[in-house]
Amino acid sequence: MAFDGITIANIVKELKETILDGRIYKIAQPETDELLLTVRTPRGQRRLCISASASLPLVYLTKENKPSPMTAPNFCMLLRKYIGSGRITDISQPGLERIIHLDVEHLNELGDLCKKTLIVEIMGKHSNIIFCDEKGMILDSIKHVSAQMSSVREVLPGRTYFITDTQKKSDPLTVPEDRFCQELLAKPMPLSKALYNSFTGISPVAAEEICFLAGIDSDLPAKELDPDVLSHLYRQFVYYFEQVSLGEFSPCIYYDGNEPKEFSPLPLTHLTGYRKESFSSISEVIRIYYASRDSITRIRQKSADLRHIVQTALDRNRKKYDLQKKQLSDTQNRDKYKVYGELIHTYGYNLPKGAKKLEALNYYTNEMISIPLDAQKTPQENAVRYFEKYNKQKRTFEALTTLTAETHDEITYLESIVSALNIAQNEDDLTQLREELTGTGYIRRKALKKKPKIVSRPLHYLSSDGFDMYVGKNNLQNDELTFHFANGNDWWFHAKGTSGSHVIVKTNGEELPDRTFEEAGRLAAHYSSNSGAEKVEIDYVQKKHVKKPNGSKPGFVVYYTNYSLVIDSDISGIKEV
């Protein structure tokens, strides 16, 4: 979710509950566009991180400290001079704008009480941190904006601060019904888009949620809606923003598997199929969400070369497999040519010279058939021609049967690498995958380069009944878990007929409860290419029945006696260790 006005309202509420009336103890500027304020309160010390980064502007409470430059920047020095020991008297948000005002009281050189305001604007690439006096005059800002940079507003020392209103949006907290309808009807665009283009502080995700709560298709333009439907939408709109006005927030993150997809200060009921995790603090939500997204983005960037290698090999093998199957289907009628040759041998002795076909009884089916002949050849030569055609297709069938199976196994293996790349969590996981691809010949090892030290470990979960469950993150870990870590009576789980992780449940000589079987099955479903499906078939068997064929690729196993279960892939209730 975008850092919209609703999120800002939740942050303002949290800051009022935590740092209001606190004294600013330290001011640091660890980055050129970031401040870190340390505030002492009766409830302890708090750190407020304010970032005006063009790519990722943020405001949140954090426990982490950040190293500062040896020489403080001028803006930081100015803040230290005026509000270095000031008291935060008020924290506010004008309307539902993406703006936070921090009012600070301090004593000047003469001992008189003065007031300053630190204004935080969270507006994408236009984000800024502006320091003003009690009259609203700008003393300085973390980013200077001159007339050459913006024709709308200068942000320079000595200028008067004001909020730009370039988009002419209405305040959703106070808009009356008639104005609400006029705004939407005036915009020939989908309803959700009209909502966030008409009212301040609404993101596209929040607009989708309002339409969903009202039971209206968000893709319909407002002019296609009846007046009663628009009135119903307005009532839902008002109810939604009553929660904002009353501060009834419930911060949460929505996950697609382990990947955070959205965060929100209010529930997003239209995000069906995603796992929801609730938090007591919007700052914690922001910290976890952006840290997770940053980690996932970084890992995907670092794995781009591996993904390219695997995808290229996968595309090549899939094309080869399709061609082999087509060639294999062309050999399905090979037995017909053998029958033709035998019937020509049996009945061709009395054929007239130059005959173009032979009508004969097929003694295999007891039916009459017509066999085409080459009029330039004798019956004996026609029979030999058909036998040669049969033998050629037979040899092709035998060779292609082996090649097609090998290509299919190669595709299955490469798909398992794709699954492993999707669940890789850190650089150690990528190092192990790179080593596996080197071992299987997809990557050439550079001369004189030593094997890397691999410290990647399988995922570890604890069942509700207290049994340890382990999940391999790649094929090397799958082999290690199954054939070196697990005992013969431990249980082994894997998604049927698809690529995925091996799941081992340590029994410690005990009998597993049904609930543990189900949880292990969910893990196997989740860490497979069928993750997200409502029903996934899982094979499970004791480890002693799982074998690895000689010379097979990493992760490949066989088993002949197994149990099966069908289960979903939701692992939200399973504890990770």
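Helices (H or I, at least four residues) and strands (E, at least two) are DSSP runs, numbered from the N terminus. Keep that in mind here, since this is a predicted model, where local features need pLDDT of at least 70, side-chain atom pairs count only at pLDDT 80 or more, and totals for chains, interfaces and linings use all residues. Residues are numbered from 1 along each chain as its sequence is written, and side-chain values use heavy atoms, leaving out hydrogens and water.

**A loop residue**
- Look for A147 in the loop between β9 (138-141) and α3 (177-185).
- A147 counts as partly exposed because its relative accessibility is 42%; the partly exposed class sits between buried (under 20% relative accessible area) and exposed (over 50%), using a 1.4 Å probe and protein chains only.
- A147 and Y347 are 200 residues apart along the chain, and their C-alpha atoms are separated by 102 Å.

**The sheet**
- Seven strands make an open, antiparallel sheet in the order β20-β19-β17-β18-β16-β15-β21, where two strands pair if DSSP finds at least two bridges between them.
- At the edges you'll find β20 (563-567) and β21 (575-576), each pairing on one side only.
- β15 (residues 459-462) is joined to β21 by two bridges, and Y461 stands opposite E576 in β21.
- Helix α12 (residues 475-485) packs on the sheet and touches β16 (468-471), β17 (491-495) and β18 (503-505), with contact meaning heavy atoms within 4.5 Å.
- The direction of α12 makes about 140 degrees with that of β16; axes are lines fitted to C-alpha atoms, for helices over the stretch in contact, and angles run from 0 to 180 degrees between N-to-C directions.

**Nonpolar cores**
- In soluble globular proteins, nonpolar side chains tend to be buried together.
- The largest nonpolar core here has 48 residues; such a core is a set of buried Ala, Val, Leu, Ile, Met, Phe, Trp, Tyr and Cys residues joined through side-chain atoms within 4.5 Å.
- Helix α7 (residues 282-302) gives the most to this core, with six residues.
- Another core, of 29 residues, lies apart from it, and A9, L191, I210 and V244 are among its members.

**The cavity**
- The largest cavity has a volume of about 50 Å³; on a 1 Å grid over the protein atoms alone, a cavity is a set of points where a 1.4 Å probe fits but cannot get out, and lining residues have an atom within 4 Å of a point.
- Grid points are joined across faces, edges and corners, and the volume is the space filled by probe spheres set on the points.
- α10 (379-423) and α12 each supply at least two lining residues, and α10 gives the most, with four.

Methods
On a 1 Å grid over the protein atoms alone, a cavity is a set of points where a 1.4 Å probe fits but cannot get out, and a pocket is an open set with protein on both sides within 12 Å along at least five of seven lines; lining residues have an atom within 4 Å of a point.
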